[in-house]
Each structure stands twice: as structure tokens, then as C-alpha cells.
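Please read this note with the model open beside you. Find each residue as it comes up.

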Amino acid sequence: MERSLSMELVRVTEAAAQSSARWMGLGKKNEADDAATSAMRSVFDTIPMQGTVVIGEGEKDEAPMLYIGENLGTGSGPKVDVAVDPLEGTNIVAQGTWNALAVIAIADEKNLLHAPDMHMKKIAVGKESVGKIDINAPVKDNLEAVAKARNKSMEDLVVIVLNRPRHTELIEEIRSAGARIKLISDGDVAAAMNTAFDDTGVDVLMGIGGAPEGVLSAVALKCLGGEIQGKLMPANEEDIARCSQMGIADLEKVYYMDDFCSGDDAIFAATGVTDGELLQGVQFKGEKVTTQTVVMRAKSGTVRFIDGKHSLKKKPNLVMEP
């Protein structure tokens with residue numbers, strides 16, 4: 001896969017972040033998502049690759065663009081699988097809170113998991129804790145293993161969990177074990193990624209989120225040397241039927257890193273839409289717009305933070321007005 005694609009993907013996430021950021025705090029999550037999706041799709045047309053969306057905005061009849069199976073790129077260059085979340089955290093942007101991202105991941109063709117759009121139980125950790133976790137093990141056992149791997153006492157461990165009623169028991173188990181919890185409203189891709197950066201203060205992600213977000217998280221953690229494990233959690237007969245249609249027979253299967261993203265190469269890029277522990281959000285300063293992006297490549301292990309300064313005067317269509 002061409003390493004030059006790394007910077008091309010930055011252009012994609014920057015455009016999506018800037019367009020959706022105009023809707024920050026306006027209480028209109030669908031409009032923010034539409035703005036991000038339109039901007040991302042537009043830039044994809046300029047990228048020299050033969051991409052196929054495997055994680056996107058939904059099936060073709062559900063989404064007008066960035067739908068699963070859609071072809072992206074100029075039609076020349078490497079053949080790649082594409083996973084996108086134009087706006088990871090639509091509610092975050094609508095409410096003006098933390099950690100909304102524009103996210104994209106690519107890998108060589110047929111190397112990304114085609115995850116069904118349903119819930120997935122997940123556990124994610126950074127590099128020090130790789131090989132120490134087991135999604136089927138008791139919560140306390142996993143926390144003790146992570147604490148030992150990170151040379152921390154249990155009371156210093158921070159677990160990030162989506163604030164949902166379904167996590168009532170999980171939250172109680174974590175607190176009973178003696179660890180601390182950071183509850184988040186949305187955005188578990190950012191949460192999973194944060195486990196691999198010491199400065200974020202997050203040690204482990206636990207709980208049930210989206211399966212597509214699990215694939216994006218896995219690519220990020222593959223680049224960072226971390227680990228994620230997942231188990232599909234179909235909620236009803238419709239979800240079970242969807243699994244069957246996708247050839248998933250074992251609903252108890254544990255998905256490991258190579259299940260999410262196989263091969264030795266993948267690229268991940270995320271641009272902050274609102275401020276977070278890792279990335280600063282989009283800021284509008286008259287005719288200038290600033291962005292902050294992280295872009296990573298699994299094959300080289302390179303992680304770059306890119307501060308962008310964009311001119312609205314030279315690129316008047318850079319940001320869609322609300």
C-alpha cells in the first residue's frame with residue numbers, strides 16, 4: 001500500500017471535521033453528520049486508490065453516499081478496504097461536548113472485517129497490556145492483569161465506559177474491584193485509541209458499543225501496538241438474521257486483532273471535531289481554520305500529529321455553512 005496515502009487520508013478527515021464543526025452546539029446531529037459525510041465523499045474522489053467501503057454509513061438503500069460496497073477513489077492505485085465514520089460522535093457535536101472525531105481507516109483489499117451494524121462487547125488496551133486481557137474473563141481479573149502490566153495499583157487504574165443503562169452491572173463490578181471509571185456519552189473509537197496514549201490517563205476500555213466502531217478502533221490500535229477483543233451482541237432476531245446473511249454462524253466467537261484487521265499494513269487517520277484528551281477540535285478564526293489530526297501506519301509504526309491551518313479565502317468551499 002502506498003505510504004503517500006497517509007497524507008491523502010488526512011485531507012479526507014480534515015474536510016469532514018471542518019464541515020461538521022460548523023454545526024457544533026446547534027443541537028442538530030443529523031445535519032452535522034450529513035455535512036461530514038458530504039465533505040468526506042467529495043475529497044475521496046481525488047485520491048489515487050481503488051477503495052471499497054466495508055464499514056460506512058449503512059447499506060446502499062440506507063445511505064446516499066459512503067454506503068457499504070461503494071467504490072471510492074480515482075480508480076487507479078492500490079486496491080483497499082475502507083472503513084469510515086465521517087462523524088464519530090454526532091450527539092457530541094450537537095451538544096458541543098468532548099471527543100468527536102472524523103475517522104477513516106484503510107487496509108489492503110479483503111483485510112478488514114465486514115462487521116455487521118450491531119452491538120459488540122469490547123475490551124481494549126494499550127501496548128503494555130497486550131496479551132494480558134481476555135474478554136471472557138471476569139472484570140476483576142482483567143483489571144488486575146492490566147494494573148500489573150502497567151505497574152499501577154488498582155486504585156490508580158482508569159476504565160473508560162459508555163454511560164448506558166446496559167452497563168450498570170459492569171460499572172458496579174469495576175468499582176467493586178477498586179478501579180476508577182470515566183463515563184462518556186459517546187465516542188468509543190476515541191476512547192479505545194486513548195488507551196494507547198499515556199497522556200490521556202486512560203488504561204482500558206470496557207463495555208458494549210458498535211461493532212463497526214470496533215473495526216476502526218482495531219486499526220488504530222494495530223498502528224499503536226495495542227489490542228482489542230470483541231464479541232457480537234445481537235439484540236434481536238433481526239440481528240441474528242443479519243449475522244447469518246453475512247456468514248457468521250458462531251455468535252460466541254471472540255474477534256481478535258487479526259480478525260478485525262489482517263495483514264501487516266493499515267493506515268488510520270482521525271481529525272478532532274471538538275476538543276478531546278488527544279486532539280484539539282476545529283477552531284474558526286476569521287478567514288483561517290485550524291485542525292489537529294493524528295495519522296498512523298501499522299507497517300512502519302509511525303504516528304504523526306498534524307496541525308493544519310486552512311485558508312477560507314483561498315478555499316471558499318472548504319467548510320459548509322450551517
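**Notes on side-chain contacts**

1. Start with Arg-164. Arg-164 is partly exposed, at 23% relative accessible area. The scale runs as follows: buried is under 20% relative accessible area, exposed is over 50%, and partly exposed is in between (1.4 Å probe, protein chains only). Arg-164 forms a salt bridge with Asp-186, and their closest N and O atoms are 3.0 Å apart. Here a salt bridge is a side-chain nitrogen of Lys or Arg within 4 Å of a carboxyl oxygen of Asp or Glu. The two partners are 22 residues apart: Arg-164 is in the loop between strand E6 (158–162) and helix H5 (168–177), and Asp-186 is in the loop between strand E7 (180–184) and H6. Asp-186 is buried, at 18%.

2. A word on the source. This is a predicted model, where local features need pLDDT of at least 70 and side-chain atom pairs count only at pLDDT 80 or more, while totals for chains, interfaces and linings use all residues. Residues are numbered from 1 along each chain as its sequence is written, and side-chain values use heavy atoms, with hydrogens and water left out. Helices (H or I, at least four residues) and strands (E, at least two) are DSSP runs, numbered from the N terminus.

3. How many salt bridges does the rule give? The count comes to 16. One of them joins Arg-41 to Glu-70, with the closest N and O atoms 2.6 Å apart. Arg-41 is in helix H2 (residues 29–44), and Glu-70 is in the loop between strand E1 (50–55) and strand E2 (71–72). That puts the partners 29 residues apart. Arg-41 is buried at 16%, and Glu-70 is buried at 7%.

4. Next, Asp-258 and Lys-222. Their salt bridge has its closest N and O atoms 3.8 Å apart. Asp-258 lies in helix H9 (residues 257–260) and Lys-222 in helix H7 (residues 211–224), so the pair ties together parts 36 residues apart in sequence. Is Asp-258 buried or exposed? Asp-258 counts as exposed, at 56%. Lys-222 counts as buried, at 19%.

5. Salt bridges also form a network. Glu-128, Arg-150, Lys-152, Asp-198 and Asp-203 are linked in this way.

6. Now the rings. The structure holds 2 aromatic pairs. Rings of Phe, Tyr and Trp (its six-membered ring) pair if their centres lie within 6.5 Å; planes under 30 degrees apart are stacked, over 60 edge-to-face, and the rest tilted. Phe-197 and Phe-305 have ring centres 5.9 Å apart and planes at 70 degrees, so this pair is edge-to-face. Phe-197 is in the loop between helix H6 (188–194) and strand E8 (204–210), and Phe-305 is in strand E13 (residues 303–311), so the pair ties together parts 108 residues apart in sequence. Phe-197 is buried at 14%, whereas Phe-305 is partly exposed at 41%.

7. Tyr-255 and Phe-260 make a tilted pair, because their ring centres are 6.2 Å apart and their planes are at 50 degrees. Tyr-255 is buried at 5%, and Phe-260 is buried at 0%.

8. Look for charges over rings (NZ of Lys or CZ of Arg within 6 Å of the ring centre and within 35 degrees of the ring normal). Lys-253 lies over the face of Tyr-255, 5.2 Å from the ring centre. The charged end of Arg-22 sits over the ring of Phe-284, 3.9 Å from its centre.
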